[in-house]
Amino acid sequence: MNTLVRRSFQAFNTTLKISCRAFSEAGINDKIEKIVKNNKVVVFMKGVPDAPRCGFSNAVVQIMRMHAVPYESHDVLSDENLRQGIKDYSNWPTIPQVFINGEFVGGCDIMLQMHQSGELIEELKKVGIKSALLTAEEAKQGEKKN
Amino acid sequence: MSSASGIVESTIRNKLLTILESKHVQVINESYMHNVPKGAETHFKVVVVSEKFDGLPLIKRHRLVNELLAEELQNGVHALSIVAKTPKQWEESDKLVENSPNCRGGFGK
């Protein structure tokens, strides 16, 4: 009985692996889910914040730096499985990808527009992060009053 | 322009014009700015002005464009910068399209 189950499982597993070859492996979804749910702000990027390997990823890093946002970053270039997995997870074809409070927010273009419109400050506020730009603005207003 | 637009560029332009009934479309091949072979069609910036974006938040607009270009994105295009505006927003803007960030080597270097 056991052999039968084992054999059919193996066949199933192989089929699963073959059909998944074009995509990421099954476990990556759970791994990504854990990462985005356990951290307020997550950036999936090419390279690392100190050394981005892509202009678009770098733009996101710079925006985060301006707002002094504490975030978790993951380098997709160091993990091919993650590189494909994150695209499947968020159903978004490009890197970088920013998650706030477990939800996919956007890539470089969207982050840039949110930064310019002030929407990013609002989104960060919702998760309890005060943007450094907001602090600076308030300090400036305070000085004007005095 | 030195040469005719590539196949991918033309396909993208046609899709954006017809399916989104765009009032204005710009498809800019930015591959030359990146660490890829000459003549590559891997990095694009698209400017799309369409009524269909009305009422949609940014991310939904981008997802709409992504879905439209899903085939291209699965076959070679791996960077897509999107400017998606309604005709009203486009008219009110300065209509200037900024350059995308400079390449930082990518996987190559």
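**Burial, helix packing and aromatic contacts**

A:N58 counts as buried because its relative accessibility is 13%, where buried means under 20% relative accessible area, exposed over 50% and partly exposed in between (1.4 Å probe, protein chains only). The model is predicted: local features need pLDDT of at least 70 and side-chain atom pairs pLDDT 80 or more, whereas totals for chains, interfaces and linings use all residues. Residues are numbered from 1 along each chain as its sequence is written, chains are lettered from A in the order in which they are written, and side-chain values use heavy atoms, without hydrogens and water.

A:N58 belongs to helix α3 (residues 55-67) of chain A; helices (H or I, at least four residues) and strands (E, at least two) are DSSP runs numbered from the N terminus. Leaving aside residues up to four places away in sequence, A:N58 touches A:P52 and B:R104, contact meaning heavy atoms within 4.5 Å.

Turning to the aromatic residues, the structure holds four aromatic pairs over all chains. Rings of Phe, Tyr and Trp (its six-membered ring) pair if their centres lie within 6.5 Å; planes under 30 degrees apart are stacked, over 60 edge-to-face and the rest tilted. A:F44 and A:F99 form an edge-to-face pair, 5.6 Å centre to centre with 80° between the planes. This pair links strand β1 (residues 41-45) to strand β5 (residues 97-100) of chain A, 55 residues apart. Both A:F44 and A:F99 are buried. A:Y89 and A:F99 form a tilted pair, at 6.0 Å and 50°. A:F44, A:Y89, A:W92, A:F99 and A:F104 form one aromatic cluster.
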